Amino acid sequence: MVSIRTVHEDQRPPFEEWLAGLNLSDASKQKLRDVSDKPEILLVGQEMVEILHELHMDDETLQAALIYPYCEEHKLEEEQITEQFGEGIQKLIVGVRRMDAIKSLHTRANSKKKNDEIQIDNVRRMLLAMVEDVRAVVLKLAERICALQKVKHADEETRVLVARECANIYAPLANRLGIGQLKWELEDHSFRYLHPVTYKQIAKLLDERRADRQQYIEDFVDELQGVLDSQNIKAKVYGRPKHIYSIWKKMQKKHLSFEQLYDIRAVRIIADRLQDCYAALGVVHANWKHIPDEFDDYIATPKPNGYQSIHTVTLGKQGKTIEIQIRTAQMHEDAELGVAAHWRYKEGATSSRSGYEERINWLRKILLWQEEVSDSGDLVEELRSQVFDDRVYVFTPRGDVVDLPLGSTPLDFAYYIHSNVGHRCIGAKIARRIVPFTYQLQTGDQVEILTGKSLNPSRDWMHPGLGYVYSSRARAKIQTYFKKQDKGKNQIAGKELLDRELAKLNLDTKLAGDAIARFNLQNLEDLYAAVGGGDIKIMQVVNFLQQKHAPEPELKIKSRKPQSAKFKKDSVVVEGVGNLLNQIAGCCQPLPGESIMGYITQGRGVSVHREDCEQLSNLLDQHPERQIDVNWASNLQAVFQTKIHVLTEDRDGILRDLTTVIANEQVTLLGVNSTSDTKLGTAKIELMLEVKNLSFLSKAISRLQLVRGVTDVFKVDK
């Protein structure tokens, strides 16, 4: 049955009278008075206060509950809340407001992509608010109970919408966080609106012979208490209220009638110690016949939300069934209050191991709740994957949660904390164990950054192929750092970086000057400085130079085929045209993912170029009417063949190490040819590879250079 509180009455008591009726200390009562000079305007928040008071929440939470409806009604901004009520209350109310993003998990209107992205970001913020301060979750659940009460006299459509949201989202959340006291109330209120006829039928059956059933329970409680006392078992026996929704759910699950249910009559044994629980169980089974199939030991095997208790069903007088739950006082508090029973970790444990573990526990429960809601079919899969599957939630040593993109590394974490933390980073620990900078963070990791005294970032951290940083935020901070350094140092570093990448692809380093005009620079020194400072990405320059110095265009040599790219049939889609012959241009050899443009040739169909291809630009200057839009096919599977040479010392296992790196980088090995110089103890290994694009090739070369004994790796013409 749903709870009846004083503020449900038509004539609410005056504020002071209501306040006097709460079992609060004088200091707590004064704090509730202090949140407003006119407490009568806060009457709408009284019910939330009563709900949270039953959960033993702290004064700050009760204050926030009292003024929350007022803040929402008057649409107070965050600054106004801080000014009027203080920063602590402001943070709690903002946390509750962020919980409104939970609606995106239940249903999503047909909105534009931009609005979807905003909703997704709001859901991320909601998750962080839930983990950062669990009190915001409890406040929101209390607010939803009040919302269910408020729509009692509203039209049916309004009642059903609010009830369905609470039943599908908030009740499972309360269950996952172990707050049984709120879970049952949310479920019973929602059930009352969603299935009014069934609700009234079960309520009527419960009301019938209520006095007889109550007397039967009281007699059984007295008898059981006497037996426990005679055995010196320290425990108290109580009658247990039944909830209409749980009765209906069990009737549906087990296909039973109301009269066939075992647990219409129920009692609870609250023991002092764990051993007393099992001692009480032995007494019960020794004095009353029990039903074996109805026995569950959730103490030995807790439920996913942490619930612990022993359940058994016995036969009392007249052969009537009685359900008995046995648990300790702590287990009972946990079952009724869940995470609300542990909110005090905020006050002193945030820097301790226990505080960190509490937050990990909240996070896991929230993620499990998300999966539970998803399984119900009410969660949009796309939203779920974008909120959870492409993010990682990791923790600082103090237990603060950090939300990062999936694939982030310890350096991404360091730069998220602060630029100087990233600049001074010399190492990282995950769960107190050293990990490499390229380690990909996993949800739940506790990350500790080791820092040096001086700023010492590496330019290699910006290289996309080495995997040091993943997020654009971290890469931008590194680039900004190097932009501020001495231009001369940037020139030296940029030249070294560019020469190395060109050598990998077997391009003459003297060709670098050809990129000056392309990037609107004055001279070669400016190009080196821009690369060294991070203003221009190294691969932009390399790709431009490779395109510029590719073999002669296919259009001029009819018999010539593209040298390196092999595409399956229908790899390019010509807009508005059927099966029109098309071919990849040899001048720029576009790769999947690059912007492309088609040029209608004479007799050879459409030639596909990169949009920035100079040859295409020259052709369109002469015949602009031959331009046609083309796109890569959605099911495109393309490969790119190339040959590289590896210069290395001649040692045992070198070939095995090289092929292992290639396999790990998702590169296909087509062939191997090696020669060795026994006098010098060196070897040259020729590898024929098949890759998806140049980024894969550059990353593979970078990884091969890290293999022990390797002195150089570079691309060669076939």
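A residue counts as buried when its relative accessible area is under 20%. By this criterion, 50% of the 718 residues of the chain are buried in the predicted model shown here. The legends below describe close-up views of this model.

**Figure 1. Overview of the chain and its secondary structure.** The chain contains 28 helices and 21 strands. Contacts between residues at least 6 apart in sequence join residues at least 24 apart in 68% of cases.

**Figure 2. The largest nonpolar core of the predicted model.** This core comprises 53 residues, and Leu52, Phe85 and Leu186 have the most contacts inside it. At least two core residues are supplied by each of helices H1 (15-20), H3 (46-54), H4 (59-73), H5 (78-85), H6 (87-98), H9 (134-150), H10 (156-176) and H11 (180-194). Helix H9 provides the largest share of the core, with nine residues. When residues up to four places away in sequence are not counted, Leu52 touches Met57, Thr61, Leu62, Ala65, Val138, Leu139 and Ala142.

**Figure 3. Packing of helices H9 and H10.** Two packed helices are described by the angle between their axes and the distance between the axes. For H9 and H10, the axes come within 11 Å and cross at roughly 150°. The two helices are therefore roughly antiparallel, and their crossing is left-handed. On the H9 side, the residues that meet H10 are Val137, Lys140, Leu141, Arg144 and Leu148. Their counterparts in H10 are Val162, Ala163, Glu165, Cys166, Tyr170, Leu173 and Ala174.

**Figure 4. The surroundings of Lys183.** Lys183 is located in helix H11. Its relative accessibility is 13%, and Lys183 therefore counts as buried. Leaving aside residues up to four places away in sequence, Lys183 touches Ala171, Ala174 and Asn175.

Figure 5. Strands of a sheet pair through backbone hydrogen bonds, either parallel or antiparallel. In this open sheet the five strands follow the order E1-E2-E5-E4-E3, and the pairing is mixed. Strand E1 (235-239) and strand E3 (296-297) are the edge strands, each pairing on one side only. Two bridges connect E3 with strand E4 (residues 310-315) in the antiparallel sense, and Asp296 stands opposite His311 of E4. Helix H16 (residues 329-337) packs on this sheet and touches strand E2 (266-271) and strand E5 (321-328). The direction of H16 makes about 105° with that of E5.

**Figure 6. The open three-stranded sheet with antiparallel pairing.** The three strands of this open sheet are arranged in the order E9-E8-E10, and their pairing is antiparallel. Strand E9 (433-435) and strand E10 (447-451) form the edges, each pairing on one side only. On average, neighbouring strands of the sheet are turned by 40° against each other, direction ignored. Strand E8 (residues 425-430) pairs with E9 in the antiparallel sense over three bridges; the bridge partner of Ile430 in E9 is Arg433. Helix H20 (residues 410-417) packs on the sheet, where H20 touches E8, E9 and E10. The direction of H20 makes about 80° with that of E10.

**Figure 7. Strand E14 and its two antiparallel partners.** Because four of the five residues of strand E14 (residues 596-600) are buried, E14 is largely enclosed by the rest of the structure. Strand E15 (residues 606-610) pairs with E14 in the antiparallel sense over five bridges, and the bridge partner of Met597 in E15 is His609. The hairpin of E14 and E15 has five residues between the strands, and in this hairpin Gly603 takes a positive phi near 90°. Strand E16 (residues 627-628) is joined to E14 by two bridges and runs antiparallel to E14. In this pairing, Tyr599 stands opposite Gln627 of E16.

Terms used: Residues numbered from 1 in each chain as written. Predicted model: local features only at pLDDT ≥ 70, side-chain atom pairs only at ≥ 80, totals over all residues. Heavy atoms only, no water. Core = buried A, V, L, I, M, F, W, Y, C linked by side-chain atoms within 4.5 Å. Buried < 20%, exposed > 50% of the residue type's maximum accessible area, 1.4 Å probe, protein only. Contact = heavy atoms within 4.5 Å. Pairing = 2+ DSSP bridges. Axes fitted to C-alpha atoms, helices over the stretch in contact; angles between N-to-C directions. Parallel < 35°, antiparallel > 145°, perpendicular 65-115°, else oblique. Left-handed = near helix turned anticlockwise from the far one by under 90°.
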